[in-house]
Amino acid sequence: MSLSSALSIAQSALLATSKQTSVVSRNVADASNPDYTRRIAVVTSTAPGARAVEIQRAANDLLFRQNLSALSAWSGQSALYNGMDQLDLSVNGVDNASSPSTAIANLQQSLQLYATTPSNQNLGTSVVDAAKQVVNSLNSGTKAIQDFRTQADSQIATAVDDLNSLLSQFQDANKAVISGTRSGTDVSDALDQRDAILKKISEYVPVSTFTRGDNDMVITTKDGATLFETVPRSVTFAPSSGYSAGTPGNAVYIDNVPISAGTGDNTTADGKLAGLLKLRDGVASTMQSQLDEIARGLVTAFAETSSSQPNAAGLFTWSGAPAIPAAGTLVDGLAGTISVNAAFDPSAGGNPALLRDGGANGAAYVVNTGGASYSDLLIGYGNKLDQPMAFDSSAGITVSSGVSDYAANAIGWFEGVRQQASTNADSKQALAARTAEALSNDTGVNVDQEMSLLLDLEHTYQASAHMMKTVSDMLDSLMAAVG
């Protein structure tokens, strides 16, 4: 081997080692970056003694897709569970203190006390006050639910804007990948950036991807709607300024295809948008229907009856009074408009003794003609609160019960779906963490391994430098001999 060849080989080795060292140093510097994928400097021989370094990216498409799916599932379930927590507190209060069930239980106690001493009008006033608390619970619960739906609607609008922005960022990153691939330059950084944006997109909607020539990526949703193909597809949503009971929310469209909100507390649709849609149009709407059914049951239970006239609204009245709502049929918004009949309310000039005697709707409805000790009507009202009646099955509770039990079952229903949502959120969070860890273990940076490799490269560099010095010394000796 000639001295010039030896010198060329040593120079090539030094350059290759320098590039390898640069790659390892970059790996160590970005070891804590969750969106960074480890770079590998692969050395190849291009001619006798010559070396070239190719930078490769440690990627695992299967683990990456699994992580995207897990992120979508966790994001959707987390949005559902966190919303349920907020909804429960705003409607039922701490430990259900402001729930209709608690207020109805207090009303029953007041009725029982009044029935034991029906001549005491102060106890009658206490019943009316307890009825006002029931009304307040239903009215405020309705307002809280509809305010929550409006807030969820606003969050959906914000999420749609964020998603459109991410798709625009993805377009820029995808262009950088395509351009670099075509020119033959290193596109590792551009691929990292594109994958990081894709992770964020998957938190809003479940995604599926495939890669075409020049590393061009296409994104679709799990249901097949196109999110990105060369250019971002439009994600549209028309927000509402406010909600009332029974009002459906607007859908979110991806490329004119509506997003499904999924079914069940373990929502079958993934992503934050699906979780918010489920909250707005599923959980909150069902909760509102249950409040409306409780209100309808109260109007029915306290209705005044007559042998010659149709039943008429009594202690609790509504917009359709004096008529009674149809049995077993949901009346949207009834919980928001139910009120205490002014005929019974002393603060409005009414007489609470009508609870004992009847007659708020005229003489035909008077029951007590025997005196101040009459309690049958009061006892009857208390019994009707526990007497099974028909409730609309669309409100999510199918068990036959009285109004008081139905109100308790409404709390039980909500606690059941919330607990299940919590369990599912925990399991999906764990899956997202495990897939992220598996992806990191396979494609991330192990600092110990990189430092060991850096030490090996240092030895290689020293050997190449020593070789160059030896060749240089030999050339100096040769030149001295010639001279």
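Biologist: Is Phe-414 buried or exposed, and what is its relative accessible area?

Modeller: The model is a predicted one. In it, Phe-414 has a relative accessible area of 1%. Buried means under 20%, so Phe-414 counts as buried.

The aromatic rings come next. A pair of aromatic rings is described by the distance of the centres and the angle of the planes. With centres within 6.5 Å as the rule, the count comes to five aromatic pairs. One of them joins Phe-302 and Phe-316, whose ring centres are 5.2 Å apart and whose planes stand at 75°, an edge-to-face arrangement. Phe-302 lies in the loop between helix H6 (272-301) and strand E10 (316-317), while Phe-316 belongs to strand E10 itself, so this pair ties together parts that are 14 residues apart in sequence. Phe-302 and Phe-316 are both buried. The partner of Phe-414 is Trp-413: their ring centres are 6.4 Å apart and their planes meet at 50°, so the pair is tilted. Phe-302 and Phe-316 also belong to one aromatic cluster with Tyr-381.

Another buried residue is Asn-341, with a relative accessible area of 14%. Asn-341 sits in the loop between strand E11 (339-340) and helix H8 (354-357). Leaving aside neighbours within four places in sequence, Asn-341 is in contact with Ala-313, Gly-314, Leu-315 and Thr-317.

Two packed helices are described by the angle between their axes and the distance between the axes. Helix H3 (residues 100-116) and helix H10 (residues 403-443) have axes that come within 8 Å and cross at roughly 155°. H3 is therefore roughly antiparallel to H10. Their crossing is left-handed. On the H3 side, Pro-100, Ser-101, Ile-104 and Gln-108 take part, and they meet Val-403, Ser-404, Ala-407, Ala-408 and Ile-411 of H10. By class, this contact of H3 with H10 has six nonpolar residues, three polar ones and no charged ones.

Helix H4 (residues 121-183) packs with H6 at an angle of about 165°, and their axes are 9 Å apart. H4 is therefore roughly antiparallel to H6. The crossing of H4 and H6 is left-handed. The contact of H4 with H6 has 19 nonpolar, six polar and four charged residues.

Some backbone details remain. Most residues other than glycine have a negative phi, and most peptide bonds are trans. Against that background, Ala-321 and Pro-322 are joined by a cis peptide bond with omega of about 10°. Pro-322 is placed in the loop between E10 and helix H7 (334-337). Asp-95, which is not a glycine, has a positive phi of about 55°. Asp-95 is in the loop between helix H2 (61-92) and H3. Its relative accessibility is 74%, so Asp-95 counts as exposed. Thr-230 likewise has a positive phi, near 70°. Thr-230 lies in the loop between strand E5 (226-229) and strand E6 (231-232). At 48% relative accessibility, Thr-230 counts as partly exposed.

Terms used: Residues are numbered from 1 along each chain as its sequence is written. This is a predicted model: local features need pLDDT of at least 70, side-chain atom pairs count only at pLDDT 80 or more; totals for chains, interfaces and linings use all residues. Side-chain values use heavy atoms; hydrogens and water are left out. Rings of Phe, Tyr and Trp (its six-membered ring) pair if their centres lie within 6.5 Å; planes under 30 degrees apart count as stacked, over 60 as edge-to-face and the rest as tilted. Helices (H or I, at least four residues) and strands (E, at least two) are DSSP runs, numbered from the N terminus. Buried means under 20% relative accessible area, exposed over 50%, partly exposed in between (1.4 Å probe, protein chains only). Contact means heavy atoms within 4.5 Å. Axes are lines fitted to C-alpha atoms, for helices over the stretch in contact, and angles run from 0 to 180 degrees between N-to-C directions. Angles under 35 degrees count as roughly parallel, over 145 as roughly antiparallel, 65 to 115 as roughly perpendicular and the rest as oblique. A crossing is left-handed if the near helix is turned anticlockwise from the far one by less than a right angle, and right-handed if clockwise. Ala, Val, Leu, Ile, Met, Phe, Trp, Tyr, Cys and Pro count as nonpolar, Asp, Glu, Lys and Arg as charged, and the others, Gly among them, as polar.
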